[in-house]
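Hello,

Here is the structure I promised to pass on to you. Have a look at it first, and then read my notes below.

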Amino acid sequence: MADWTSLGRQASPGTQDFLALYASKSRTPAHLMNGHQSSPDIPLQIGIHARSGALKNGAVSTGPAFFNGRGDKVDPFLTLPQRFSTSGNVVFCDRDNVDDCISYLNQELTTLGFPSLYHETSDTFDIVRLVNNTYELLQLQQKSLRVKEQLEDRQQRSESDLSHLQSTQNRLKDSLEQYEREISQSQERERQLVSKNKVLSKKVKAEKEEVKKLQSALSHKDVQYKHEVKKKERELNRLKDRLNQLLTDRSQERRIGMEILNSLQRADGKRSTWKTKTSNNKHEEDMYRLIVANYEDKQRELLVENGQLRQCLNDMQKELVGLLNGQPSPRKDQIHHEDSLEDSEDDKASVGTTSEFSDGYFQMPYEMVRDEIEKSLKDKWTQLKQRVRDLEKEQTDRRLSSESEKSNQEVEKLQQQILEYQEVIKQQEQLIQQSMQNTDNDSAFQDPCLLEEREALTAEKKLFNQQKKHFEEERKNFTEAAIRLGREKRAFEEEKARQLRDQFMSMTPFGSMDKSVSVLGSHSYSVPDMAKLTPANPVFSPLPERTESLKTPSTVDLYRTIGLIHDQHSSSSTTSTKRSPSPTRSRDSKNLSKSQSSSTRRSNISSNGRSSEATNSRPSSDSSQRIAEHVANVRLALFNKSGTAGMSGTAGKSGTGNHRKGGQGEDGGRNSWRKDDRTGSYGF
Amino acid sequence: MNFSEIFKQSNQLCKFSPDGNYLANAVQYRLIVRDVKTLQILNLYTCLDAVQYVEWSSDSQFILCGMYKRGLVQIWSLEQPEWTCKIDEGSAGLVAARWSPDSRHVLTTADFHLRITVWSLVNKSVSYIKYPKGCQKGLDFNDVNQYLALAERRECKDYVSIFTCNTWQLVKHFETSTDDLAGVSWSPDGRVLCVYENCLQYKVLLYSVDGRCLSEYSAYEHALGVKNIAWAPSSQFLAIGSYDQKVRILNHITWRAVAEFDHPSELDNPNVIVYKEWERRPQLLDGESELPRGTLFSTQSKYELVEGAVLIPTIKTDLNKANPKIGVGKLGFSANSKYLYTINDNMPHTLWIWDIQTLSLAFLLIHASPIKCVEWDPVHTRLGLATGNNSIYMWSPAGCLSVPVPTEATFQVNVLRWHLEGRAMVLIGKDEMSMCYLTDPEQQI
């Protein structure tokens, strides 16, 4: 506002300048807005200035009016406003003062920069000019009205803006306050925490110091305690010494010492030797000899272990080299189609370089060959890994190949297998021939130049015959076993009777001691003659069902490894024969032995191979399986053949081809595996 | 499985002779020797006072009876019942007596471990060993090579002396690097001497016969350490039970731990077979306040298999008391060194059986009452145990069983001892004993 007035003052010399300025200002509302904070004042100010400007100008311009000097002393400037004010909206001009008015108007207009109403030359009033001027004034008026409207608009807008801004400002102020409050709060909290932290750290420090102090106190106490203990011990020692002295001094006392009827011989019958220097030396020597012997033993053990480990390493190497260098198995060759054949050749080419150390190499000092061996093993492993990966890839490839090809391969494979097995059978048959030296050989074997097919047929036939023979033998065995069982049963009954009698005899006071001694001599603790024994009733909790393998002759480790695989056995456990090995039951086990032995026999056989019963019960559709069974049978027969020499009874009589042990052999077998430490511990 | 009638005994002094033919037991001041097979009394000796200790000589010819209260030892001969020998320590007092392995010398320990006296039965000579250390197991005979290792304390330092047993000459004397030695133990093959520290510190040292330190083992510091040790009969393993409820097994080559067996109070391992004893008590009849005595009415117990997770009964122990009942205090290897049993003292109901071949827990036997005694069969892989009731319990890899002793009177088995050949056991109660004959598995079938 101040500069506005100053501007107004500066512009006072020429109102046109002011107007121009005003116009220019009004044209730039933004500038105006910026320049003046309170826009509502502007029109008023303008009005005032215009008025004051007019006044001043009037004051200035009165001069010419006077100079016009129309004989009228009345100051038009003074009278006119009066008239204007008093007469209200009526008249500024009437007929009387037209000229005055015109001159006044002229004056006014000229001061406002309009052309004069009078002709310059004639100095007469020109109405045209007046009209023009009026028109111009009207224009001006309209223009200023527009400007005014605009300004009012703008002001309103500004006002609303202002109110909005004010509200925003308030809001912001509020939030600011809130934030400030929060800040102060958190600052307070932080301060508290810091103080707490300080307290805590102080505490920790104090605790640490305490701990240190305690530790030092503890160690101090420990030292002190040890010292005290030592002191006490010294005292004790002194006392002991003293006591010892006293005891030795009074050793002549009546009681102390040994009363012995007559002294004994040394256990080895020798006399005791004098204690001499040499004997002492001898003892020391003995001791060192012992130590040396111990070390030698230990070294030997280590040597054996080392050798075994080296051998293991060697074997592993051989395995690996064999695996890597070896010909791919015929099966594999069969399966391979052309692409993979190439692959395998590639493999061979790449693998062919796999080197092998000689056996002696592994006997070299380890530190010397260690790097080499490690490197080679690592190489082999990587090769193997590669191989396995390739195979896996191949397998997936193969899976993708067409079905027909697959079946063809399968057929080929099976044929190959059949051929192999036939070969095996032939060899086995020949072996049997040699071992049995049986006269009733088929003539088919004397002709080696038969076609393979015929050979297969004969083999089948042979197999059939063999099985038939087995059956017959088995039947014979059964009858024999039944007979023997009957005999055994009778024997057992007799024995039982005898035992009962003996027991009865021993209970009488006339029981002969000789008998008991003879019983004891045979280490039978179960029936001591003299003692009144009462049998107990143990409650046996056998191992869970997964210990099915108990019935087969197994070592402890095998058992453990099987026992560890819980799930497999729990699923198959339903088939196992349940048996609670309680002593009460096994005591009269002779009665049970039939069922038990049959069950064990079955398991025994199934452990060795598939029995013929099993073969027959299952229709043998799969020829290869049958062949495999046959091979097992043949093997068994061979085994029995070689075993019959040591076996007595029916097994021996039945001679060749006895694919399973007879009852006698069976019993022997069971006893032998009963000695195994797992099963042997049944006897509670 | 047959049981004999019940005989009287006192102080639980029942011992089989080393040759397995005789059974000696004491009843007050009488010593009775029976034949193991017939249980007939072969000899009866009368001692001067109530017998406190009985020991067979290794040749099974003599029996030593200790009457510590009177400082007396009496020795009886089996072959010559009229032969007498009396050793009197007199005012020196007596705390222990034992045979030397040659059966011709007797070692007596005087009160306060003042001295060990070696009495010769051959030439009546007497020799003294001074400064023996009074500790858990301060003396051990090496049965293989006839050496005696003796812990000594001189000038407040621990020493071990090695004596030859045939002349009682000192062959080696060496200082051990222990603060307070608690025990010495020869390996069964007699090559290594294990020396272990008092429980204040975990320290196990292994020495050769000539006193060279082969190895030193310490599992941890500061806490209470070794509680007990056990050698495997094959000498290939040394098991150390400690107060941290763990067993550590050292190998015999590097003497480093091959396994560390923990005894958790909760177990959920499908590979472990857990047997739990179930007791079935007979119902009380109307008007009965107490069960009638006798076998017929006694509780029946039975092992049952437990599947899934098991919670092992644990007793709370006050760790502020001296010698807290915590940690592995009992452990032993089976005769073939393939199994190890352990008892954690704060789980007294439970027997842990570890498979040494796989170095894992194999069996767990949870009993209704605390285990009183466990012993391996010296021949077979099985063990017998007693829990202080009328039953005995047995375990073998094939299963386990519980047998009530068939007697009319009450008979609570506290201790059991196997016969040398593993076919019989003597069951010892408070004042009575009974023999248990096992049927031989090879003969019964």
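Let me start with a hairpin: β8(B) and β9(B) have 4 residues between them, and there G71(B) takes a positive phi near 65 degrees. Strands here are DSSP runs (E, at least two residues) and helices are DSSP runs too (H or I, at least four), numbered from the N terminus.

Before going further, please keep in mind that this is a predicted model, in which local features need pLDDT of at least 70, side-chain atom pairs count only at pLDDT 80 or more, and totals for chains, interfaces and linings use all residues; side-chain values use heavy atoms, without hydrogens and water. Residues are numbered from 1 along each chain as its sequence is written, while chains are lettered from A and ligands numbered from 1 in the order in which they are written. The pLDDT is the predictor's confidence in each residue, from 0 to 100. Chain B averages 88, and 94% of its residues score at least 70. For the model, ipTM is 0.73 and pTM is 0.58.

Strand β9 covers residues 72-77 of chain B and pairs with β8(B) in the antiparallel sense over 6 bridges (two strands pair if DSSP finds at least two bridges between them). I63(B) has W76(B) as its bridge partner in β9(B). On the other pairing, β7 (residues 53-56) of chain B runs antiparallel to β8(B) and is joined to it by 4 bridges, with W56(B) opposite I63(B). The hairpin of β7(B) and β8(B) has 5 residues between the strands, and S60(B) takes a positive phi near 65 degrees there.

β3(B) pairs with β4 (residues 22-27) over 3 bridges, and C14(B) has N25(B) as its bridge partner.

Best wishes
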